[in-house]
Amino acid sequence: MFLHSLAQALAMLSLYPEGHATRERSLDQVFGRLDDLLQHDPRPIFSFLGDEVVHSDHPLREFRGWPWSARLASIGVQRLELDRTVTRDALEDFLDDVIHKLGSGSPGTSQVRPTSPGGIRYGEIGVDAPPADRTVAQVAGGFTLEDEVEAIRWIHREVQDHEHLPLLEAETVIRALAVAMHGDQQVVVPLLRLREFDEYTTTHSMNVAVLAMAMGEWSGLGGADVRTMGVAGLLHDLGKVKIPLDILTKPGKLTTEEREIMNDHPVEGARLILSTEVNMDLAATVAYEHHRMIDGGGYPTVRFPRDAHQASRIVHVCDVYDALRTVRPYRDAWEAERILSYIDDRAGTEFDVDIASQFVQMIRAWEPAIVELHRPEDTVPDTETRPAPARGDGEGSVREAPVGEKGRSG
């Protein structure tokens, strides 16, 4: 198979100089495998997500845990596209570029190029830059979003019962949220209040979607890319549909076994998203990485250290904000200013410095426009104050326990 030959060629090119017979044989072999692949797939696309490899829209289960997936992702080669115009020389240039970026000392270009000539494109998964003439439609609202809440419940049931992600319905919810955010010549942030504890996953996913879209608008993304961020936010915790409710709402400290189940939800969420029939690599990346920290903490642990995607870092701060502003069975909600101070304090360790700064500025600027869509009498009453479990959930050390618990509810 092409990927096996690719790995072998990378190993050989890192050991032997240009012109060496062994190097040339390995190049011939990988180019031959690529030619075979192109006969069946004229434009193969590979995505490398941690320990997962995706060919077009299909996860390659036999390549789960393939070491080269994490190595390629660690140098910014998260996506590799090829077509029938690729030449042997272009393939050799690409392989030399990869080896150079991995630090072997082999000659190559100074950096991995987002686009390279000769039928090969490679680089990071990402959203497009905003157009210069971006405009935001102003739409009158009056939304309760109850239909959208029910739609998300149905989506979660479909995933839980059939492992099927109804993407069209998810995108429809995002469009409704985008409309609800615009009205009366200003951007509003319609955040749902939690009414029942077992609504948490539904309510939280919608709130993170709204906050992620708000961050997209704040940073100047165009409408389509804002909605892409919204879908990623909506699906970031999808893996939690497989976690028993008694673990999600447990008032005390999780056992070691329960913590392992909880910490597996990013991997499970990425797997569920990648099993769809559409290109969802950005949403899968966010699901996989949204508990990763800037200082290397968090989970899941990666074999080869690399930065989380910018979209993952944005969703992470949105995730924390909404988790802490919500009453949970094991703690009361935090006031907004306390959460923003926490985000400020953890910038550079847990959060990306620039993203944390932008998020805090955005919330403070838009605070009057943050709309709670449920009446106060509909919200969950304050629970009895319980001793907060100590930080020990694999996300790093922090002095205040509620954020430690955020790792299981956010």
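The following questions and answers go through a predicted model of one protein chain.

Residues are numbered from 1 along each chain as its sequence is written. Because the model is predicted, local features need pLDDT of at least 70 and side-chain atom pairs count only at pLDDT 80 or more, while totals for chains, interfaces and linings use all residues; side-chain values use heavy atoms, with hydrogens and water left out.

User: How many helices and strands does the chain have?
Analyst: Both are DSSP runs numbered from the N terminus, helices being H or I of at least four residues and strands E of at least two. By that rule, the chain has 16 helices and 10 strands.

User: What percentage of the residues in the chain is buried?
Analyst: Buried means under 20% relative accessible area, exposed over 50%, and partly exposed in between (1.4 Å probe, protein chains only). The chain has 410 residues, and the buried ones make up 55%.

User: Is leucine 10 buried or exposed?
Analyst: Leucine 10 sits in helix H1, residues 2-15. Leaving aside residues up to four places away in sequence, leucine 10 touches Trp68, Leu95, Val98 and Ile99, where contact means heavy atoms within 4.5 Å. With a relative accessible area of 3%, leucine 10 is buried.

User: What distance separates the C-alpha atoms of leucine 10 and leucine 95?
Analyst: Leucine 95 is one of the residues that leucine 10 touches. The two are 85 residues apart along the chain, and their C-alpha atoms are separated by 6.3 Å.

User: Which residue meets aspartate 96 in a salt bridge?
Analyst: A salt bridge is a side-chain nitrogen of Lys or Arg within 4 Å of a carboxyl oxygen of Asp or Glu. The side chain of aspartate 96 has such a partner at 3.2 Å, N to O: arginine 23. This pair links distant parts of the chain, with aspartate 96 in helix H4 (residues 88-101) and arginine 23 in helix H2 (residues 21-40), 73 residues apart. Aspartate 96 is buried at 12%, and so is, at 3%, arginine 23.

User: Which strands hold arginine 121 and glutamate 81?
Analyst: The side chains of arginine 121 and glutamate 81 meet in a salt bridge of 4.0 Å, N to O. Arginine 121 is partly exposed at 43%, whereas glutamate 81 is buried at 14%. The pair ties together parts that are 40 residues apart in sequence, because arginine 121 lies in strand S6 (residues 120-123) and glutamate 81 in strand S4 (residues 79-82).
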